[in-house]
Amino acid sequence: FITIFSNPFNPEHFPDLIFGWRPLDGSIQDSLQFQNVSIKASVSQYYIRTNQSNACESMDSIFIDVVDLGVDFSPADTVVCANEPVQVMVDPTDLSEIEWSPAEGISCTDCPNPIITVDETTTFTMEAMKEECCPVSISVTVNVIYPPIPIEPLITCPGQPIQIMVDSDGYSNPSWSGPQVGDLSCTDCFEPFALVNTTTFFQLTAFDEDGCESRGVAEVDVFPPPSQLEIEASPGEEIPIGTVGVFELISFPTVPADDIVWFYNGQEVESGSRTANINILEEGTNNVITAEMLDENGCPRTVSITISGVEPIFEVPNVFTPGGQHQVNQFFRPIVTNAELFDGSFVSDFKVWNRWGQLVYNNDNNEEGWNGRQGSSMAPPDVYVYVIEITLPNGRTRSLKGDVTLLR
């Protein structure tokens with residue numbers, strides 16, 4: 001916008017003076033009868049004012065030179081391969097204070113004809129002054145393309161290797177990358193083997209016959225696990241040692257029975273059946289039951305359950321009264337407090353000595369225990385020493401040692 005001013009006049013001398021302006025192209029922003037006007041300059045041209053005072057008329061004019069802000073340059077936009085140089089040509093006529101941005105990827109930032117080399121699409125902007133008065137700006141977009149390398153997606157079983165197939169005809173210098181690139185058998189070959197447990201993407205970079213960097217993505221999916229896969233234990237997850245637990249594989253979709261193998265603590269015990277009868281032998285949580293199988297996609301699957309082996313709990317009385325009136329405490333023997341879970345007393349050796357070291361009981365009837373007799377006679381009231389050897393169902397042994405008081 002420009003305002004045109006002229007010298008003031010004395011209205012007393014020119015009481016009838018009126019003004020008129022042209023051209024009538026809409027560039028004059030005020031009333032055409034004003035002495036001074038503002039204009040919106042868009043082209044170079046004369047602005048003419050007529051001055052009419054009755055029969056007298058004069059004319060004034062001024063030429064407004066409008067600078068053309070256009071800048072001739074090429075190319076405006078272009079499509080190239082990664083790191084392919086692009087020469088920008090700008091007509092430097094009447095340009096000064098040239099400044100290109102961004103600075104990265106361009107050969108110079110203050111010259112009219114830089115060379116641009118980038119590996120991703122980037123827009124560069126030049127700002128300058130034209131005819132040392134008007135700021136001008138142009139933009140050049142370098143569109144970087146990576147011609148695609150077609151690679152078909154794959155699907156495999158988790159943890160099973162599968163070869164990525166690439167139509168590599170005409171390509172060279174392959175290089176694989178990605179967060180899981182360590183899962184590939186090689187990174188500088190076209191068709192590596194991938195070993196993955198989840199869906200994984202690998203990016204291949206290679207160069208075509210024109211030296212243009214090309215890219216492809218290999219998607220390696222894995223078959224999902226069965227929606228249900230578990231082992232049910234009977235009579236429960238706490239089973240007395242030395243007893244048989246029944247284990248059933250529950251799966252959906254159903255797993256073929258012929259493909260099921262059962263393991264107990266890493267040792268194969270049964271195969272070809274949905275249920276397994278396994279004798280629990282280990283105390284505590286040392287019983288791991290595992291089923292290995294092939295699912296409907298032929299993928300190996302594994303499911304485990306940990307069983308707690310319940311062991312017998314022994315208590316040994318410290319006094320007994322053989323021949324007592326109430327017929328209780330008639331025999332001395334170890335008591336299994338959870339005997340309802342087991343069969344047998346587990347006593348493999350049972351000896352009792354008197355204070356002089358004489359053996360008074362030696363495995364005579366371990367199920368019943370010592371009846372308080374020494375040979376054919378009743379042993380006298382006294383304190384006796386015992387050693388009881390216990391053999392558990394898994395073959396492990398324990399010794400119960402102590403003293404017991406015989407009362408009569």
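This is a predicted model: local features need pLDDT of at least 70, side-chain atom pairs count only at pLDDT 80 or more; totals for chains, interfaces and linings use all residues.

Student: OK, how many disulfides does the structure hold?

Tutor: There are 4. Counting bonded cysteines along the chain, the pattern is 1-7, 2-3, 4-8, 5-6.

Student: What's the handedness of the C81 to C212 one?

Tutor: Left-handed, because the torsion about its S-S bond is about -110 degrees. The S to S distance is 1.8 Å.

Student: And where do those two cysteines sit?

Tutor: In distant parts of the chain, 131 residues apart. C81 is in strand β7, while C212 is in the loop between β18 and β19. Both C81 and C212 are buried.

Student: What about C186 and C189, which hand is that link?

Tutor: Right-handed, with 50 degrees about the S-S bond. Their sulfur atoms are 1.6 Å apart.

Student: Is C186 buried, partly exposed or exposed?

Tutor: Partly exposed, because its relative accessible area is 22% and buried means under 20%.

Student: Switching topic: which residues have the most contacts inside the largest nonpolar core?

Tutor: F332, V352, W370, Y384 and I390, in a core of 22 residues. β31, β32, β35 and β36 each supply at least two of its residues, and the largest share, 4 residues, comes from β35.

Student: What does F332 touch, sequence neighbours aside?

Tutor: Its contacts include V316, F320, F350, W370 and V404. There's also a second, separate core of 20 residues, with V71, V80, W100 and I116 among them.

Technical notes: Residues are numbered from 1 along each chain as its sequence is written. Side-chain values use heavy atoms; hydrogens and water are left out. A nonpolar core is a set of buried Ala, Val, Leu, Ile, Met, Phe, Trp, Tyr and Cys residues joined through side-chain atoms within 4.5 Å. Buried means under 20% relative accessible area, exposed over 50%, partly exposed in between (1.4 Å probe, protein chains only). Contact means heavy atoms within 4.5 Å. A disulfide is a pair of cysteine sulfur atoms within 2.5 Å. Lists of a residue's contacts leave out its neighbours within four places in sequence.
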